[in-house]
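The report takes the metal sites in turn, then the fold and the cavity.

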Amino acid sequence: MQEASESFVNGVDWSNSAEPTSHCWFHYSCETSSTSRLCACILCKNRKSTSDLPLIQCATCLLIVHATHLSELEESTTNNHHKIPPCRPSFVDNNIADNVDMHDQHYWSHVSTLSTPCTYCKRKSSDGLVCMWCSRSYHRQCWENIKDNEENSKCDYGKFSNIIVRPQWLRRVDDSPFGFRAQMPAYVEINDTSLTPVIFFINKLSGGQKGQEIYRMLVRILNPRQVFFLENDSTITRALNIYASLTNTRICICGGDGTVGWVLSHLVDT
Ligand SMILES: [Zn+2]
Ligand SMILES: [Zn+2]
Ligand SMILES: [Zn+2]
Ligand SMILES: [Zn+2]
């Protein structure tokens, strides 16, 4: 069982087949989640069963599905869109016209318990919806009251807004061997220092399991594409090249002195 799910845990997908709303799958573990243990795949025949089919969870939107559905969908020849609800978008495709109205949307996810008081009625407990970007939370009924309100339709990215890479800043491009390029839109002033996006490099091997924990936490609260597991030289080269053109970018390295030196040596070359 364990092995079957192992092969589907793929983290952030930087391949050509990545989609803006691709999920970022990890093994599900009860401790890392406040969502209900229900499979979200509409093809599922065992949704509520507590069978020991392995579950995987998206570290970015907290959605849970049985690992087996990913291979089923891969093998099936029919249109698989929306068999699993989409993740929050992490980049935009270059061939899609830039529609400013579509930027900065809240991304609502169901949770079994609100961990912070409801933004509307200020009460805690019971289930509800949380925006995965700004962390605002609402009871379902309270959310029904605000969801059509035009004023509430734009997300401000909450307390990490100064360091979050907005999905619309990261584009898939054809003219770079790295496939993606990050750039601030023209309307952001070059000398506007209120936006200082941070790229994270995390050494998997530093501090026991801490590296993995930090990675999952950052992928959850930021744009998953600004967080990199240090695997090899090409991971660093790719990340630095993609983000070299993003104004005011800072780099944060989680690891020992050796890790810092490793990234810095590539920074000199880029
Ligand atoms: Zn299922
Ligand atoms: Zn997701
Ligand atoms: Zn939001
Ligand atoms: Zn409420």
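## Zinc sites and their surroundings

Around the zinc ion (ligand 1), the four donor atoms subtend angles of 100 to 120°, which makes the arrangement tetrahedral. This is a predicted model. The donors of ligand 1 are C39 (SG), C44 (SG), H66 (ND1) and H69 (NE2), at 2.0 to 2.3 Å. Their spacing in sequence is C-x4-C-x21-H-x2-H. C39 and C44 are both buried.

H69 also belongs to helix 2 (residues 68-75), where H69, L70, S71 and L73 are buried. The cover over the buried residues of helix 2 includes strand 1, strand 2 and strand 3 (64-66).

The zinc ion (ligand 2) takes H23 (ND1), C58 (SG), C61 (SG) and C87 (SG) as its protein donors. They lie 2.1 to 2.3 Å from the ion. The angles here are 102 to 112°, so the four donor atoms form a tetrahedral arrangement. Along the chain the donors follow H-x34-C-x2-C-x25-C. Within this site, the pair H23 and C58 links distant parts of the chain, 35 residues apart. H23 sits in the loop between helix 1 (2-6) and strand 1 (25-27). C58 is in strand 2 (residues 55-58). Both H23 and C58 are buried.

The zinc ion (ligand 3) is coordinated by H106 (ND1), C131 (SG), C134 (SG) and C155 (SG), at 2.1 to 2.3 Å. Its four donor atoms subtend 103 to 118°, and the arrangement is therefore tetrahedral. The sequence spacing is H-x24-C-x2-C-x20-C. Here H106 and C155 link distant parts of the chain, 49 residues apart. H106 lies in the loop between strand 4 (92-93) and strand 5 (108-111). C155 lies in the loop between helix 3 (140-146) and strand 8 (170-172). H106 and C155 are buried.

| Ion | Donor atoms | Distance |
|---|---|---|
| Zinc ion (ligand 1) | C39 (SG), C44 (SG), H66 (ND1), H69 (NE2) | 2.0 to 2.3 Å |
| Zinc ion (ligand 2) | H23 (ND1), C58 (SG), C61 (SG), C87 (SG) | 2.1 to 2.3 Å |
| Zinc ion (ligand 3) | H106 (ND1), C131 (SG), C134 (SG), C155 (SG) | 2.1 to 2.3 Å |

Now the fold as a whole. The protein has six helices and 12 strands. Of its 270 residues, 44% count as buried. Among contacts with a separation of 6 or more, 64% come from residues 24 or more positions apart.

Is H139 buried or exposed? H139 has a relative accessible area of 8%, so it is buried. H139 is placed in strand 7 (residues 137-139). Leaving out residues up to four places away in sequence, H139 touches L114, C118, C121, R123, K124, S125, S126, D127 and G128.

The structure holds one cavity of 30 Å³ or more. The largest cavity has a volume of about 60 Å³. Its lining consists of G11, V12, D13, S22, H23, C24, T60, C87, R88, S90, P224 and R225. By class, the lining has four nonpolar, five polar and three charged residues. H23 and C87, both part of this lining, are also donors of the zinc ion (ligand 2).

Key
Residues numbered from 1 in each chain as written. Chains lettered and ligands numbered in written order. Predicted model: local features only at pLDDT ≥ 70, side-chain atom pairs only at ≥ 80, totals over all residues. Heavy atoms only, no water. Donors = N, O, S within 2.8 Å, 3.2 Å for Na, K, Ca; no water. Tetrahedral: all angles 85-135°; square planar, octahedral: opposite > 155°, others 65-115°. Helix = DSSP H or I, 4+ residues; strand = E, 2+ residues; numbered from the N terminus. Buried < 20%, exposed > 50% of the residue type's maximum accessible area, 1.4 Å probe, protein only. 1 Å grid on protein atoms, 1.4 Å probe; cavity = no way out; pocket = protein on both sides within 12 Å on 5 of 7 lines; lining within 4 Å. Points joined across faces, edges and corners; volume = space filled by probe spheres on them. Nonpolar A, V, L, I, M, F, W, Y, C, P; charged D, E, K, R; others polar. Contact = heavy atoms within 4.5 Å.
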